[in-house]
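Subject: Structure handover, with notes on helix and ring contacts

Dear colleague,

I am passing on the structure we discussed, and my notes come after it. Please read them beside the coordinates.

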Amino acid sequence: MTAAEHIFDGKYDDVLDEDEEEAVPASKKVCNSPGADVPVAKTKSVDFVAFQASKSDDEGEEDEEMEEDEAEDDGEDDDDDEKPRPGIGDSETLFHCGNLQGLIIGMGLAIVQRQYDSQSSSSPANASSADEPEKKKRKLTSTLKSIVPGFISTPLDIDDDDGAGTGTASAKKKSGIGYAGTVKEDMTGQLEAMESQKVRDATLSTLLSAVRNYLPSVRREGGGRASDFLVHPTTLAQIRRRFNVLCSTLLRNDSLSDMSDRSALYSELFSWLETISNHEALASIMGMPIMVVASIKDVVVRKSAGSANSTKERTIIYEGSSGPRELLESIVIQAEAALKGLEGVIKAREAKKDPENMTEEQKRMTTLIKGKKIQNPYDEENEKLLDFCNGILNTAAAIDRSLTEIKGDAFMQRMYKSLPRLSAASQSHATSAMGEDPAQQTVTLSSNASLAELRSTYETWATKARFEYCDLEVKDGHGNSSSPPNYKFSYNHDARMLVNSDMPKRSLAIARELAVLTTNLPVAWDSSVFLRVDESRVDIIKALITGPEGTPYENGCYLFDIFLGASYNHTPPLVKYLTTNNGTYRFNPNLYAEGKVCLSLLGTWDGPGWISGKSTLLQVLISIQSMILCEEPYLNEPGWASQAGTAASKAYSANVRRMVVNTAMLGNLKNPPEPFQDVIQTHFRLKAKAITEQLDKWLAMDDGIPTNGANNGGYGGGGS
């Protein structure tokens, strides 16, 4: 018997909810629906008549009865000349009845959800209740073990926050942002957790694949059946009730890197989404909000005085959350960014199809030695990530295409407006639907807007503007590029040296880095981080950080050039500070007038530094934002850490505030640096009222001393 047949062989009637169990007795009448041209007596792999019988405590007797039934059915099937449908095994009678199909899908998804809950439970409180009948547990566990390799019956206590389940990890002392330490870490627990996760994902993937065979599909191999075209309401209800919850849980994982590592499970999830979106009766589910439980309240209702018994009523309140397509958008954005980072891999793949156009470097990488091709392990990882990202984009495209056909452009326009940030693919659809590019729409704000409205508008705009591609190449007066190209960039020479380089390990690291940055850059009213990446060279990056609230750097705009070098991420990126008033202002002991950024994570200061393969550019950006642009920058200078609140510290902060107004505010407004002109102007326009109040406060606090940008703000110190 196939895995699908095992799952739905009548052994899981105890998995159904009470409301489903009450509906079971009607199963005899179900098969009289239109298109049910095969009697129930011919059902080979599923004995649905057993659902309305009382449950037997003796499993041995049940097995004997099933064997006898199967033997009789086998004899009848031998005389049947009808060929089995590909991919379905011998249980084709199930596809003659929409009611049975919906019931099977509901049962299968209930089993999947139970397995997922069991696997994801990490504490005794979330484990199965001790009051649950042991027989039911043994029955479910033993059968799943028999049909799914690697089935895990007991949830593993794994906590990603404390070292993946290692007993000693929780005792480790936490350090500052971006400083992971120099001591070699014990990776044993993490590796074991990763292997365990792969086993659990393979189990869920197998279960989902088995259930997916029963989804209505007009594109089924061998042609669709009646229940594929005439979808029963039961099927729709089970998909919305059970699959949407599981789908929502999995898609809320906003890490493309983690999804790629768990590709077995997520590839199957995307297959579900494509199958559903390709059916006109089901596709609308992809654009609907997912109803999730918001609260549960139990109320004891007492009966009349003559009765000693009381009943308990449960009130469950549901609320709508983001639908599957909306949840998928953030992953689509990351996939597009990863593909940008893998452009070299894509070109190499195309070149292999046409060896005459291969570069010398590509030919060298495909040299044959002793009849065997050299296979770089990073090439294989790149190919895996490339295929996974393309699968994500294909799934999103299939959903959009179906929703457009079924719901129309007006619905798609409303849906795109609700997305936190449009991907390139979605943006192209939105452009045709709205008549203009959403990226070019001006942020409007009423003159009497409240602070809450200001915050909401600012954060919505910043979320969409935080990560974009742009052209940083310098061209001559005729618009022609040099060879190799030049860039408006502090590390132009380093960038030109790596033109047309083919380094699979670096490409993989950059692709994963970009995927994280697209949707995880910090955005808030208090402080935000914006990135601009060259559209043809994703290793060339410019960053803008707005000063955190409550610091001398508040609401100023601070620019950095970032280059992901040849050995990234084995070594840290190159970072240069640009907001220096032409090299005359030193805003912080860690930000030099010549542009040096003093940070141990970058290897420019003693202390815990960059960890090869683990540290990220996001860590660097957050370290600068929170640790350098801090409330009392005077304390960042070695030897001054104990002088908090002193007159010298206050004078230092006052001098920094004057430099911020002169350069990080007025200087950027008068001459907005490319490519952040729109960001700077919109930032100051939306926060005009708050900045005005801030400057009035700073003016009252000022000590009247002239600005001194030299020699560490004019207050001595040897520098860090």
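This is a predicted model: local features need pLDDT of at least 70, side-chain atom pairs count only at pLDDT 80 or more; totals for chains, interfaces and linings use all residues.

Residues are numbered from 1 along each chain as its sequence is written, and side-chain values use heavy atoms, with hydrogens and water left out.

Helices here are DSSP runs of H or I with at least four residues, numbered from the N terminus; axes are lines fitted to C-alpha atoms over the stretch in contact, with angles from 0 to 180 degrees between N-to-C directions. Helix α18 (residues 451–465) and helix α23 (residues 677–686) have axes that come within 10 Å and cross at roughly 170°, which makes α18 roughly antiparallel to α23 (the term applies over 145 degrees; under 35 is roughly parallel, 65 to 115 roughly perpendicular and the rest oblique). From α18 the residues L454, T457, Y458 and W461 take part in the contact, and from α23 V679, T682, H683 and L686, where contact means heavy atoms within 4.5 Å.

The axes of helix α20 (residues 504–520) and helix α21 (residues 617–628) come within 9 Å and cross at roughly 40°, so α20 is oblique to α21.

As for rings, the whole structure holds 17 aromatic pairs (rings of Phe, Tyr and Trp, the last by its six-membered ring, with centres within 6.5 Å; planes under 30 degrees apart are stacked, over 60 edge-to-face and the rest tilted). The pair F270 and F388 is tilted, because the centres are 5.8 Å apart and the planes at 45°; F270 belongs to helix α11 (residues 263–277) and F388 to helix α15 (residues 377–407), so the pair ties together parts 118 residues apart in sequence. Both F270 and F388 are buried (under 20% relative accessible area, with exposed over 50% and partly exposed in between, for a 1.4 Å probe and protein chains only). Ring pairs also link Y553, Y558, F560, Y577, Y585 and F587 into a cluster.

Best regards

Definitions and conventions
Helices (H or I, at least four residues) and strands (E, at least two) are DSSP runs, numbered from the N terminus.
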